[in-house]
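Please look through the sequence and the model shown here, and then follow the paragraphs below, which take the parts one after another.

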Amino acid sequence: MPKSPTESISEIKPTDLRGILKYVPLFQNEVFVIAVDGSIIEDPLFNSLLLDIAVLRNLRIRIILVFGIGKILHCLAKKKGTNLTDCHGTERVDAATLDLATKAASDISHRVMQGLTKLNIQCATTNAVRATSVGILKGEDQQFLGKVDKVDADALQQLLSNHMLPVISPIAFDRDGDPLRLDSDHLATEVAISIAASKILFITSHSGLIIADQFYRALETEQLRKIFSENSNDLEDSIWRKCKLALQALDGGVSRVHILDGLQADSLLNEVFSSVGVGTLFYKDEYQKIRWARPEDAQTLFDLTRDSIEREELADRSLKEIEDSIESYFVYDIDGYILGCGSLLSYPNEQLFEIASLIVKKTHSGKGIGKNLVSFAEEQATQKGGNHLIALSTQSIPFFTKKCGFDKGSIEDLPTPRVEQLNASQRNSQILVKDL
Ligand SMILES: CC(C)(COP(=O)(O)OP(=O)(O)OC[C@H]1O[C@@H](n2cnc3c(N)ncnc32)[C@H](O)[C@@H]1OP(=O)(O)O)[C@@H](O)C(=O)NCCC(=O)NCCS
C-alpha cells in the first residue's frame with residue numbers, strides 16, 4: 001500500500017539531516033528540470049512527489065516542472081471512443097488527438113497547480129517555450145506534432161529569480177499561436193539545455209536502465225553512448241527515448257540526467273541526497289574527479305573505511321588519526337559524493353612513497369575508480385620526486401600486481417620506520433613495489 005506523505009516524512013531520522021545538510025550548499029541556486037511522466041501524476045504517490053519538490057525548493061534549489069499526459073490521454077480516448085494517432089507526442093497527431101491532448105494537458109496542469117498551491121509553492125504555467133511543426137517525415141505529414149523552436153531562457157530565469165516554479169505543458173504554441181503537441185521528455189531536455197540546468201530528473205514508472213537483467217546505477221556519457229548503440233534495438237521504447245535525450249542533454253551541457261521510479265516512495269529525495277541513489281544516473285565525465293581531501297571529509301573517510309577494517313583489508317585508523325593526517329588523503333568525488341579514497345605517505349630522506357588506505361565503495365567497484373586512484377598517487381609521487389611507490393596489502397594483492405603493475409617486494413624495500421610499524425601491526429601484509 002502506498003505511503004501517505006506524512007508517513008514518509010516521519011521516517012526521516014533527525015540524524016539523516018546531517019548527511020543531507022552537507023549537500024545543501026552544493027545545490028543551492030542550481031536549476032533542476034523535473035520531467036514527470038503522465039502515469040506518475042495519476043498515482044496517489046504524486047502528492048508525496050510534490051512534497052519532495054517542496055523540500056528541494058526550501059533548500060533553495062530552483063525547480064522547473066515539465067509534465068507528461070500520455071496516460072490520461074489514453075484514458076480520455078478510451079472513455080470517448082476516440083482513435084488516437086499518438087499518445088506520447090512522438091507520432092503523427094491528427095486534429096482529434098490534438099483536441100484530446102489539449103484537454104488532458106489542461107486537466108493535468110490544473111492538478112499540478114492545485115497540488116503546488118496546497119503546499120504553498122508559488123508557480124506559473126508559462127509560454128516560454130515556442131513550438132514549431134515537425135512537418136513531413138518519411139513522406140507523411142505529422143500534422144499537429146510539434147518540436148521545440150525556441151526557449152525563452154530569460155523569461156524562465158526571471159520566474160525562478162522571483163521564487164516561482166515554472167510549470168511547462170506538452171502543448172505549446174507556434175509563432176502564430178497555434179497549439180502543437182510535444183513530447184514532454186524532449187521538452188524537458190531542450191529547456192534544461194537552454195537554461196543550463198545542472199540536472200534533469202526523468203520521473204517515470206521505470207526503476208532505471210536495465211539491460212539483460214543488469215541494472216545500471218551510474219554511467220558516464222561515453223559508457224552510455226556505447227551501451228546505447230550496442231543495445232538500442234532491445235530497449236523498451238520510453239527508456240530508449242530517455243537514453244537518447246540523456247545523451248543530447250549531456251552533450252548540450254547538462255551535467256547529470258537521472259531516471260527514477262516515481263512509483264517508489266521518497267525516490268526523488270533518495271536520488272538527490274544519497275551517494276548511491278535509487279535510479280540510474282548518467283553523468284558527464286568532468287564530474288569525476290580526484291582531489292585532495294579537506295578537513296570536513298574526515299568523518300566520511302572514517303565511515304568509508306570501517307567495513308574494510310573489520311574485514312582486515314585495511315589497517316585500523318581512528319577518526320583522530322585521519323583528521324591529523326587529512327592532507328595525505330585524496331578522494332574520488334562525483335559532485336560532492338566521495339566514492340573512494342587513498343592516502344599518499346612520504347618518508348623523510350627517501351625517494352619512496354606509499355599508497356595506503358585505498359578503498360572504493362562497494363556499490364561503485366569494478367568501474368576503474370581504484371585504478372584511477374592508484375594512477376593519481378603515482379603521478380603525485382612522481383611530481384614530488386619519488387622513484388618508487390609501495391603498497392601493503394592483505395587481500396587485494398592481485399589488484400596491485402595484475403591491474404596496476406606492481407611487483408611483489410620484500411622487507412628490504414621498506415624504510416626502517418615502516419618495517420617497525422608493519423611488525424607491530426602483525427598484519428603480515430604483502431609488500432608491493434612499483435618503479436615510477
Ligand atoms: C582494491 C579496490 C580499491 C579496487 O577498486 P575498484 O574501483 O573496484 O577497482 P578497478 O575498478 O579500478 O579495477 C577493477 C579490476 O581490479 C580487479 N580487482 C579489484 N579488487 C580486486 C581484488 N581484491 N583482488 C583481485 N582483483 C581485484 C577487478 O576484478 C577488476 O578487474 P577487471 O578490470 O579485469 O574487471 C577495491 O576493491 C577495494 O576497496 N578493496 C577493499 C580495500 C582494499 O583491499 N584496499 C587495498 C589495500 S591499501
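**From strands to ligand**

Strand β3 is joined to strand β8 (residues 165-168) by 3 bridges, and the two run parallel; strands here are DSSP runs of E with at least two residues, helices are runs of H or I with at least four residues, and both are numbered from the N terminus. Within this pairing, C123 has L165 of β8 as its bridge partner. The model is a predicted one, in which local features need pLDDT of at least 70 and side-chain atom pairs count only at pLDDT 80 or more, while totals for chains, interfaces and linings use all residues. Residues are numbered from 1 along each chain as its sequence is written.

The two strands belong to an open sheet of 8 strands with mixed pairing, in the order β3-β8-β2-β1-β11-β15-β16-β14, where two strands pair if DSSP finds at least two bridges between them. Because β3 (123-125) and β14 (218-220) stand at the edges with a single partner strand each, one side of each is left without a neighbour in the sheet. From one strand to the next, the twist averages 20 degrees. Helix α4 (residues 46-58) packs on the sheet, where it touches β1 (31-36), β2 (62-67), β8 and β11 (199-204), and its direction makes about 155 degrees with that of β2; axes are lines fitted to C-alpha atoms, for helices over the stretch in contact, and angles run from 0 to 180 degrees between N-to-C directions.

How do helices α8 and α10 lie to each other? The axes of α8 (residues 184-194) and α10 (residues 237-251) come within 10 Å and cross at roughly 10 degrees, and the helices are therefore roughly parallel, a term for angles under 35 degrees. Their contact (C-beta atoms, placed from the backbone, within 7 Å) includes D185 and H186 of α8 and R241 and K242 of α10.

An automatic or database domain assignment divides the protein into domain 1 (5-283) and domain 2 (289-435), whose centres, taken over C-alpha atoms, are separated by 42 Å.

Around the ligand are 21 residues, of which E313, S365, G370, K371 and S396 come nearest; a residue is near if its C-beta atom, placed from the backbone, lies within 6 Å. Strand β20 gives the most to this shell, with 4 residues.

How values were computed
Two residues are in contact if their C-beta atoms, placed from the backbone, lie within 7 Å. Angles under 35 degrees count as roughly parallel, over 145 as roughly antiparallel, 65 to 115 as roughly perpendicular and the rest as oblique.
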